[in-house]
Amino acid sequence: MGILAYRGVSKRFGKHSALEDVSLEVRPGEVFGLLGPNGAGKTTLIRIGLDILRPDDGEVSLFGAAPEPKTLDRTAYLPEERGVYRRAKVRELLAYLGRLKGLKRTAARTAADHWLERVGLSRVADQRVESLSKGMTQKVQIAACLMTDPELCVLDEPFSGLDPVNVALITSLIEERRRSGQTTVLSTHMMHQVEALCDRVALIHRGRLVVYGQLDEIRRRYSPNEVIVWTATDLLAFGVQATLHRAGGWRVELPPSVTPAGYLNELVRNGVLIDRYEPLVARMDEIFVSLVSGGR
Amino acid sequence: MRIQRISAVARFEFASVVKRWSYLIATFGLPVFLALLSGTVIGAQTYFLTQRAAESSEFGLVDEADVIDLGVFEEREGTRVWTANANEIVLYDTSDAASRDLESGRLRAVYVVEKDYLSSGEVRAIQSEKTPLLSMGGTTIEPLLRSLLRKSLVEGRLDHDVQERVISPAYFVRSRLGPDGEQVTGVDEALDLLVRTTIPLFLGILLLTALLSASGYLVQTVSTDKESKIVEVLLSSVTPEEILAGKLFGLGAAGLLQFAVWSSMVVFVALTASAALAAVVSIPWQALAVAPVLFILGYLFLGSLMLATAALGANAAESQKLTMGWAMLAILPLMVLVILLDEPNGILGQVMTWIPFTSPLTVIIRLAVDSSGIAWWEVIGSMAVLLVSTWVSIRIGARLFRVGFLLTGSMPSLAELWRQAR
């Protein structure tokens, strides 16, 4: 059963339909990728899931029940539009946000100090937020999000504006959450991060759910039936329809009835000495562009 | 609603406001500045009065026209002296002798009634070089000399009564024509009327100052939340009702603290200045007793509406415009104050008692001006209406607050706003 589930959710603002009949669920312990172009309805979907907005139609369940203040304490949200009190001091801000999630005053301060340490910002704990760089501010917000150890954490574009070192830091924090069985919803346009981190994904376009499922399965589904073969043998001499691939091997387009494994067997049977063999799998950015621009 | 979350929001909002320099200066700096200013003025006045008191209070009088009635003078060590209003007027036979004493510093001034006084009316006032010209204007010496001359001129020449009326032509006795006929008005009653009308006005202005000051903070905090884009983080943790209540309490406390500091200073000054006044007039204790309750209820009612409407604005300026209407409704009783003071328990006063926007100020005014004309059930009833209205305004306010908080760009239609708020 999903930790967060949408069933037939629709939402409109005036005449604009932001979401139309969206159904999906986020499972416990996974990293779920929520993808889509700008204005697709991702933020509206997240807001509805966290009871910030109410749907016009459909149902939402959070931890198996309709969202309520008590269950919201088990979640955390990093919105795309970053918000902080710029005049507040870093530790005070974190402690306040912790208190809003139900931590006691001492526990909130302890958690604030702990998470500032984790994201490498202990030295700025007593500085005002306005004195921090954009990247540092972002790390403060991520610390605020994770400081209550939420069972469900929704991160909207957590990597934007971060340098590679900090991207690696946030990536490791998300992986750590998965190892400890906690759920993360990741909304991002950085497709390589989606490929590296997500177990399952949903792609929203113009308020509709376009693709939804296991990441590997989706990539396979949208992959061309092609392989790349690295061999010293001239495949053209074997009568194979192949072209030279930019990576150095031969790119072979397989007939629909032939699988990559079957074709590998065939090559070996025919005595082709293979150095390396790789079925071509579509990248998420290719799938994203193909689905989104195809719909335009 | 969860008390702990409301308390967390309230504490944070309170601390955010009271730590601001602008707040500290407005709350504590202004009274200190005013205290320093008035202290300096009072100090300077006291210094000059002390200096003046240290100066000689003896004046010389030379009667060259021979018109002064000598009956008021008494013999003292060979000179004739008239003591009146802490002044000593020494009579000299010649102006030379008087001038010598003026030069020696014994006298502050010498007055010479000229020989042709009866035809010219001239009395020469001679001051020493050190005494500023016209400085005698503030003393009682010249009125004293005038009355002495007036008395001297008519003494024995008129009937006693006529003589007295020439000296004191009229004592005004004031009265008012009421339903029970003409009634003489004593000084106490005039003062009482003054206090009875001043205190409602004073309470009303203080209430409005507190209300508008606190609501200014409310508008500011909503704008800050919207502009800093922290709204979504807040709404993912606490309900709109909890945010609204927390902000109301936190910023209300900041507003009331400011109000308390200001009014403490005003009350202190007023009590110091009017200790004597308080003995002869009746303070409207009933109005003062219910004022805090009406302050709080009125603030919560208007504040929740202001928060909700402020959230609909895209920025601070727009939010202020949107909330202006509520402030105008609240000051309505002050706009019709003349009618309320004249007829506190008339139809206007009775109607405005039951309208939650106007009831706090109206009840205070009615109780202060004429507490016998307002029934206890009217006071309790108006509070009950205010309480229910506050509850409703918080509920509706919270829904609008949720929608308004997330609004960006142009304002949606009212119908769309209501649909989203459902």
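Two strands count as paired here if DSSP finds at least two bridges between them. Helices (H or I, at least four residues) and strands (E, at least two) are DSSP runs, numbered from the N terminus. What you're looking at is a predicted model: local features need pLDDT of at least 70, side-chain atom pairs count only at pLDDT 80 or more, and totals for chains, interfaces and linings use all residues. Residues are numbered from 1 along each chain as its sequence is written, while chains are lettered from A and ligands numbered from 1 in the order in which they are written.

View 1. Strands β3 (residues 31-35) and β7 (residues 183-187) of chain A run parallel and are joined by four bridges. Look for G33(A), which sits opposite L186(A) of β7(A).

View 2. Angles run from 0 to 180 degrees between N-to-C directions, and axes are lines fitted to C-alpha atoms, for helices over the stretch in contact.

**View 3. The four-stranded sheet of chain A.** This open sheet goes β11-β12-β10-β13 (chain A), with antiparallel pairing. At its edges stand β11 (242-244) and β13 (274-279) of chain A, each with a single partner strand, so one side of each is left without a neighbour in the sheet. The twist averages 25° from one strand to the next. Strand β10 (residues 226-231) of chain A pairs with β13(A) over five bridges, and V227(A) has P279(A) as its bridge partner.

**View 4. Domains 1 and 2 of chain A.** An automatic or database domain assignment sets the bounds, giving domain 1 (1-74 + 150-223), domain 2 (82-145) and domain 3 (224-280). Taken over C-alpha atoms, the centres of domains 1 and 2 of chain A are 24 Å apart. Their contact uses ten residues from domain 1 and nine residues from domain 2. On the domain 1 side, β6 (152-156) and α6 (164-179) of chain A are the elements giving two or more residues, with the largest share, three residues, coming from α6(A).

**View 5. Chain A meets chain B.** Chain B brings 18 residues to this contact and chain A brings 19 residues. On the chain B side, α1 (3-18) and α8 (231-235) are the elements that give two or more residues, and α8(B) supplies the largest share, five residues.

View 6. The axes of α3 (residues 90-100) of chain A and α1(B) come within 9 Å and cross at roughly 155°. Y96(A), R99(A) and L100(A) of α3(A) make the contact with R5(B), A8(B) and F12(B) of α1(B).

Notes:
Contact = placed C-beta atoms within 7 Å.
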